[in-house]
Each structure stands twice: as C-alpha cells, then as structure tokens.
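Trainee: Can we go through this one together? I'd like to start with the rings.

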Amino acid sequence: MKKGESIAIAIMAAGKGTRLKSKHPKVLHEIGGKALLRHVIEAAAQVVPIEDVYAIIGYEAELVRKALGDTGVKFILQEEQRGTGHAIMCGREELKKYEHVLVLSGDTPLIRPEVIERLRDFHLQKKAAMTILTAVPPDPFGFGRIVRKKKGGKASDEVQAIVEQKAANKQQLKIGEINTGIYAFASKPLFENIDKLSTDNAHREYYLTDMAVLLGKAKQKVLAVKAGEMAEALGVNSRAELVRLDAQIRAAKCTALMDAGVTIYKPETCTIDADVEIGTDTVIEPFVQLLGKTKVGSDCRIRSGSVIENSAIGDGVLVRQGTIMDSASVHNEAIIGPYSHLRPGSEISEKAHVGNFVETKKVKLGKGSKANHLTYLGDSVIGAGVNIGAGTITCNYDGVNKHTTTIEDGVFVGSDSTLVAPVKLGKGSYVGAGSCITDEVPADALAIGRGRQINKEGWAKAKREAMAAAKKS
Ligand code: UD1
Ligand code: MG
C-alpha cells in the first residue's frame, strides 16, 4: 500500500462491561451465535486486510486471545483499563505507522463494512483530523452528545465537542445526536495531541471523546457523519440490549433464507446461526436450532425441537422431532429421528434410517441401512442394506481403548444383541436376537450367543397351586 493511504482499524475491546454483571469479558458474549468482538473483526476485515486489524484487549485478555486468535487479528494489550483514550495510547507504537486509524468498539456487533467505508471515505475526502460516526437514537440517554459548531446560525459538519451524559448541561442533554464510539483519525494529529488528554472527569478516565476539543484547539478539523441505519451503530451495554440485538440478527437471517426459497414456520422460535446454509424448498418447523457451519440441502424437512450443529445434510432428508446432531453428515433421502442423537463423526449414507433413541458416534452407516430403535452404534463401519435390530449395542470401549465393529453388507442383527469390539460380522450373516457376539461371524452364517431356551411343561401351574395351598393353611 502506498504511503499516504495506509489505514489501520483498531477495535477497543479491553473493558470489563460492568453493566452486563458478568465475570466473562463483555466482548465474548454472543449474539447470532458469535462473540460480539468476532462480528466486529469480521466487518473490519472486509474493509482492510486482517493484518491491519488490531484488537485492544485487557480484561481477561488471555480468554479473548484464545477465543478469537483464529481470526488472524493482531492483539494490543491494555493492561489497566484507564479509558477509551488510554486504549488508543496503548496502541501508539503499532498504530502510528499508519496514516489513518479507524477506531471501532468491540461492543457494536452490527456494524457493517459499508458503514465503516462510508466513514473512511468521508474522512479522507474532507481531509479531517477526526471524524465521528454519529446517530440519532429514539433515546439518547447514556451516550456522549455531539455539540456541532454553528456557522451562520446553522449547525455545520464541524464538531466542537463530545459531551458525556454525566457532564452534559440541560441544553446539551436535549441534543439528540450521539457519539456511536466509532471514529476515523489521521494518525499524526492524533498521536501529537493524545498525551494532552486528562482524567479530569466523572470516571477519572482518559476519554477518547475529548480528542474533539483537543484537536479543535490545535486548529485541526473535527467532523461528524451520521450512520445511515442507526441500530447497527449502537453498542451492547446490558443483557437486555444483548438479547435484543441477537433477536434482530436472527430475524434478519431467517428473512434472508426465506427470500432465498426456504420455508421457516414461526421464524421467531428458530435459532439459525449466521453461517448456516439451507437449500431451496427445505421446510424448517418451529423451535429448530441450526448452529455453527451447518449446511442443509434442498427439499429437506427439519421437524420441531431438533438441534443441529456443524453438520452437513444432503437433499430430501427428513429429520424428525427432537433430533440432536453434532458434526455429523447425512446423505440424500435419509430419515433421522425422532429423538436420534448423531454425535461427531457419524456419517449416514443415502436412504439410511436412524430412528427412535438411537445414538451414533464415529460411525459410517451404509446406503439404505436401518437402525430404527434404542441402539448405540460407536466406532463402527456398517455396510449397505444392513438391519440393526432394536436394542443393539456396540461395546466399543474396554475401559482403556476404543475398538471397531465392522458389519458388512446385508447383515441382519437381531434385537437386543451386544457386539463386543473388535469384532466383524461377515457379509450377509445373521445374529440371533439377544446374542452377545465376541468372535468374528463368517459371511452368510448364523451366530447365536445366548443361553438355550428350556421349556418346563406345567411348571407355572404347579407352582401357583402350591403357593395357593400354602397361603390357606
Ligand atoms: C463511549 C463514549 C460515548 C459513546 C459510547 C457509544 C467515551 C468516553 N464515551 O461510552 O461518547 O456515546 O461509547 O457506545 O469514550 N474500552 C477499552 N479500554 C478502556 C475503556 C473502554 O478498550 O479502558 C472499550 C470497551 O471495551 C468498549 C469501548 O471501549 O468496547 C467503549 O467503552 P464503554 O465503556 O462501553 O464506553 P461508553 O460508556 O459506552
Ligand atoms: Mg459502550
């Protein structure tokens, strides 16, 4: 990038977020299934390369680093949180290398890249030293108010000061235009003047907002530009705001999916994460959660109460009520549920059925195979056309290690069988109901591993009569 154009984005995210009354850092609280700060980083990374995005962290910094390191953002440590001005002071070494710095807050997750770009373009075009992104919310309480300079009796682009709620006089409290906490700065005047900030205020903090007055005194241009849509620039300061933004982001996701040809009944009851993809003509019933990187194909039906996370579902799949899936894949026209639990590594092939109270883990279930009732299948490779009877259990764990069960094509496992791994059932073999299978079953054989049935004729009748006689005497 040519000198004179270099732009960094600094995201202030070091605060504790006292008003959330949480022991966890505010910026790790989630909306739309993603940490607040992750939303902001993702928006920032669409405006400048991720190498030029800095997150200023402090409160529980290690947790934040761990949770968001994968984004590639650079971290700046603000060990003691002495205010928004102090946060930027802590980033001086890294940020002064850039010609301009866009400052965002880690707690404004709805900020869109287009709005950051608009702020940037306005700031560069007007050659301002500081440009403040402002909004006019229905209730300005709690926000810093924008005092614009008057020119010929009319408010101009230029800002005289930002006055915090606690410091504002009656006249200033009437101002509806507020500071969103998002700014653009030219680095040179910013860092030449930032040390003049003082802590002479209600919180005894260095306020970044005071740069407006300081830069004005230094004969630098301080401007304000309004964010088009107000909601996106507003931060999260309480739990109520957090869930309100969450609802907003999820409603927008459902609307986008419906616009793309997905039917979602009672969308307000569904929780669908931002990165979820769904094909056309799929129907999502009420109270469904589709989370993480889940992909659902076309013509599927996901019935109520299902919670599906990081899973891939093909086309024409029916997921019946109450199914739980985590990191599973389900191929075309399979039927899952009701009340199935597909755990990580479950791969259910085309037209296979997994039914009531069946749990699977690290399993490949072949084409058209069925496990319909009350079964545990773990660490298993199961071929095509297999029938797993009700109550079958793969005993995959010996207390120390996990072992594999191999079930070849066309096997029929009778109900209530236990298959003690490692074990293999050869192609086309049968297992008698109630068997405990510990040895390999050859192809096409019948294996029976249970006590032989004995019938004692008349035993029950004689016993009853003996008991009745004993009671009389
Ligand atoms: C700030 C603005 C206010 C504006 C509002 C918009 C100041 C003094 N006031 O107030 O004018 O209307 O945002 O939401 O800036 N942070 C740090 N280090 C610190 C302190 C804060 O990184 O030492 C971070 C916080 O984690 C947060 C952001 O800066 O992400 C804003 O801080 P916050 O305490 O929420 O400021 P507000 O009181 O909301
Ligand atoms: Mg705030």
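This is a predicted model: local features need pLDDT of at least 70, side-chain atom pairs count only at pLDDT 80 or more; totals for chains, interfaces and linings use all residues.

Trainee: How many aromatic pairs does the structure hold?

Mentor: Four aromatic pairs. One of them joins Tyr-183 and Phe-185. Their centres are 5.8 Å apart, with 35° between the planes, and the pair is tilted.

Trainee: Are Tyr-183 and Phe-185 buried or exposed?

Mentor: Both Tyr-183 and Phe-185 are buried.

Trainee: Why does the pair of Tyr-339 and Phe-357 count as stacked?

Mentor: Planes under 30 degrees apart count as stacked. The planes of Tyr-339 and Phe-357 are at 10°, and the ring centres are 5.5 Å apart, so the pair is stacked.

Trainee: Where do Tyr-339 and Phe-357 lie?

Mentor: Tyr-339 is in the loop between strand 24 (335-336) and strand 25 (341-342). Phe-357 is in strand 27 (residues 353-365). So the pair ties together parts 18 residues apart in sequence.

Trainee: And what is their relative accessibility?

Mentor: Tyr-339 is at 44%, which counts as partly exposed. Phe-357 is at 51% and counts as exposed.

Trainee: New topic. What lines the second largest pocket?

Mentor: There are 23 lining residues. His-39, Pro-109, Leu-110, Arg-112 and Ile-249 lie nearest the centre of the pocket. Helix 9 gives the largest share of the lining, five residues.

Trainee: What about the classes in that lining?

Mentor: Ten nonpolar, four polar and nine charged residues. The space in this second largest pocket is about 530 Å³.

Definitions and conventions
Residues are numbered from 1 along each chain as its sequence is written. Chains are lettered from A and ligands numbered from 1 in the order in which they are written. Side-chain values use heavy atoms; hydrogens and water are left out. Rings of Phe, Tyr and Trp (its six-membered ring) pair if their centres lie within 6.5 Å; planes under 30 degrees apart count as stacked, over 60 as edge-to-face and the rest as tilted. Buried means under 20% relative accessible area, exposed over 50%, partly exposed in between (1.4 Å probe, protein chains only). Helices (H or I, at least four residues) and strands (E, at least two) are DSSP runs, numbered from the N terminus. On a 1 Å grid over the protein atoms alone, a cavity is a set of points where a 1.4 Å probe fits but cannot get out, and a pocket is an open set with protein on both sides within 12 Å along at least five of seven lines; lining residues have an atom within 4 Å of a point. Grid points are joined across faces, edges and corners, and a volume is the space filled by probe spheres set on the points. Ala, Val, Leu, Ile, Met, Phe, Trp, Tyr, Cys and Pro count as nonpolar, Asp, Glu, Lys and Arg as charged, and the others, Gly among them, as polar.
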